[in-house]
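Thanks for coming. I will go through the pockets first, then the cavity, then some strand pairing.

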Amino acid sequence: MRLSSVLSKPPKPLFEPVDGFLMGKQGNMGQKVDLDVGTVALNYYCETCDDLRTFYSKGKLTCIFVNKNMVSIDCVLACACGSTVEVWFVIESENDITSLNPKVRILKRSERLSESVRLNTTRYGDFDYLLDKAEQAYRENLGAGSIVYLRKVFEMVTVQAAISTGIDFPKYEGGNPRNFSALLEAVDAKSSIIPPEFSKDGKRLFKELSNVVHGDFDEELGLKKFEPLHRLIIGILENVRNKAAFHDAKIALGWTEEEESEVV
């Protein structure tokens, strides 16, 4: 397996054997080497193409030795339309990375996105930007920072639901609710933004998010909890979006509340 196959997948904790790609090199700190390891291919959402696209590396990749067990690799990936992403990898080897068959893993992957590229497909309107920022922070091992963005999404979707249903609530000068728990309870009672699978845990979810943000700002705790918390936040956004879609579908069919009560 060539190194490009490893670089084209999400980082994994296990080491994988690859064909030698630095054989005969001294491996001195700072030594720069051009690599011939195949084409790296990663998926991103391209706003120019308005679709999830595969971005491919262009030209040879370049690596710099940290030592004989670690190198950093830079590459530029491009969509067919010309949109680009700069990607930086830190590759760790279980054995001598200059050997015939080194076993490697991605220790870190970092992206610098251009203005027309996103990590995720556009699905949730105003929330997509915050979700992208949350995932970028997570990929940079900024656990607490990633949770800040998730908490902001939760606050925004709740406030938007309150405004759309006519619920008035006391605000701080910046517009944030003074008592989020009370607002969430009022909003969920009226429009059920929390999915039924965890409808009783809305306040608990906000507490989990707040504990990471206002606690000791524990990066490790944030990284550990990011994926399950992210999934629950996505569940809320899906629930809100589905409700809006169902409402629009009923209007398109000309269904009224009176007709629905007659069916019952």
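**Pockets, a cavity and strands**

The largest pocket holds about 810 Å³ of space. A pocket here is an open set of points on a 1 Å grid over the protein atoms alone, with protein on both sides within 12 Å along at least five of seven lines, and lining residues have an atom within 4 Å of a point. Points are joined across faces, edges and corners, and a volume is the space filled by probe spheres set on the points.

Before going on: this is a predicted model, where local features need pLDDT of at least 70 and side-chain atom pairs count only at pLDDT 80 or more, while totals for chains, interfaces and linings use all residues. Residues are numbered from 1 along each chain as its sequence is written, and side-chain values use heavy atoms, with hydrogens and water left out.

Back to the largest pocket. Its lining has 26 residues, and Pro-10, Pro-11, Arg-109, Tyr-138 and Arg-139 lie nearest its centre. Strand S3 (41-46), S8, helix H2 (128-139) and helix H6 (219-253) each give two or more residues to that lining. Helices (H or I, at least four residues) and strands (E, at least two) are DSSP runs, numbered from the N terminus. S8 gives the largest share, 6 residues. By class, the lining has 12 nonpolar, 5 polar and 9 charged residues. Nonpolar means Ala, Val, Leu, Ile, Met, Phe, Trp, Tyr, Cys and Pro; charged means Asp, Glu, Lys and Arg; the others, Gly among them, are polar.

The second largest pocket has a volume of about 350 Å³. Helix H3 (143-164), helix H4 (180-191) and H6 each give two or more residues to its lining, with the largest share, 4 residues, from H3.

How many cavities of 30 Å³ or more does a search of the whole structure find? There is 1, a cavity being a set of points where a 1.4 Å probe fits but cannot get out. Strand S8 (residues 103-113) gives the most to its lining, with 3 residues. The lining includes Pro-10, Pro-11 and Arg-105, and divides into 6 nonpolar, no polar and 4 charged residues.

Last, the strands. Two strands pair if DSSP finds at least two bridges between them. S6 (residues 70-78) is joined to S4 (residues 51-57) by 2 bridges, antiparallel. Antiparallel pairing also links S6 with S7 (residues 84-93), over 9 bridges, and Val-76 stands opposite Glu-86 in S7. Between S6 and S7 is a hairpin with 5 residues, where Gly-82 in the turn has a positive phi of about 110°.
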